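Subject: A structure for you to look at

Hello,

I am passing a structure on to you, and my notes follow below it. Have a look at it first, then read on.

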Amino acid sequence: METPIHIALCMGSSCFARGNNRVLDVLERVIEENGWKHKVHLSGLRCQNHCADGPNLTIDGELYQGLDSGAILDLLSDKLGVDKGSATVSSVRRQDGGE
């Protein structure tokens with residue numbers, strides 16, 4: 001069995017208010033809807049002191065900042081090595097106008 005990727009979201013008040021509340025919702029739906037529970041370990045973090053650039057999350061220790069909920073599907077697809085066209089999530093729209 002392959003080692004799951006580890007996604008840790010900052011749940012500090014600034015990151016949460018800047019969008020990690022929505023990112024958490026999207027991550028949970030993407031993981032569930034695509035059957036990736038065995039491929040992704042999801043956890044929360046206390047403030048990591050990068051508040052001005054949030055919302056923040058790490059994937060396998062690599063910091064990602066300023067993500068909106070629409071970028072999550074692309075990022076997860078890349079990290080998991082799956083075709084972006086085959087991954088889906090219901091009711092997510094990119095803030096930049098893409099799907």
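Which residues in the largest nonpolar core touch the most other members? Among the 20 residues of that core, they are I7, V40, L57, I72 and L76. A nonpolar core here is a set of buried Ala, Val, Leu, Ile, Met, Phe, Trp, Tyr and Cys residues joined through side-chain atoms within 4.5 Å. Two or more residues come to this core from each of β1, α1, β3 and α2. In soluble globular proteins, nonpolar side chains tend to be buried together.

Some background before the details. This is a predicted model, in which local features need pLDDT of at least 70 and side-chain atom pairs count only at pLDDT 80 or more, while totals for chains, interfaces and linings use all residues. Residues are numbered from 1 along each chain as its sequence is written, and side-chain values use heavy atoms, with hydrogens and water left out.

The overall plan

The protein has 2 helices and 4 strands, in the order β-α-β-β-β-α from the N terminus on. Helices (H or I, at least four residues) and strands (E, at least two) are DSSP runs, numbered from the N terminus. Of the 99 residues, 39% are buried, where buried means under 20% relative accessible area, exposed over 50%, and partly exposed in between (1.4 Å probe, protein chains only). The accessible surface is about 5,700 Å², and carbon and sulfur atoms hold 47% of that surface; these areas come from the Shrake-Rupley method with a 1.4 Å probe, and for residues only the protein chains shown count as cover. Taking contacts between residues at least 6 apart in sequence, 65% join residues at least 24 apart, with contact meaning heavy atoms within 4.5 Å.

The sheet and its helices

The 4 strands form an open sheet in the order β2-β1-β3-β4, with mixed pairing. Its edge strands are β2 (40-45) and β4, each of which pairs on one side only. From one strand to the next, the twist averages 25 degrees. Two strands pair if DSSP finds at least two bridges between them. β1 and β2 run parallel and share 6 bridges, and I7 stands opposite L42 in β2. Strand β1 (residues 5-10) is antiparallel to β3, with 3 bridges, while β3 and strand β4 (residues 62-65) are joined in the antiparallel sense by 4.

Helix α1 lies across β1, β2 and β3 and runs at about 150 degrees to β1. Helix α2 (residues 72-80) also packs on the sheet, touching β1, β2, β3 and β4, and its direction makes about 150 degrees with that of β1. For these angles, axes are lines fitted to C-alpha atoms, for helices over the stretch in contact, and angles run from 0 to 180 degrees between N-to-C directions.

L57 is the bridge partner of L9, and in β4 the partner of L57 is Y64. Leaving aside neighbours within four places in sequence, the contacts of L57 include I7, V23, L67 and I72.

The hairpin of β3 and β4 has 2 residues between the strands, and D60 takes a positive phi near 50 degrees there. D60 lies 55 residues from I5 in sequence, yet the two are 6.0 Å apart in space, C-alpha to C-alpha. Beyond four places in sequence, D60 touches P4, I5 and H6.

Best wishes
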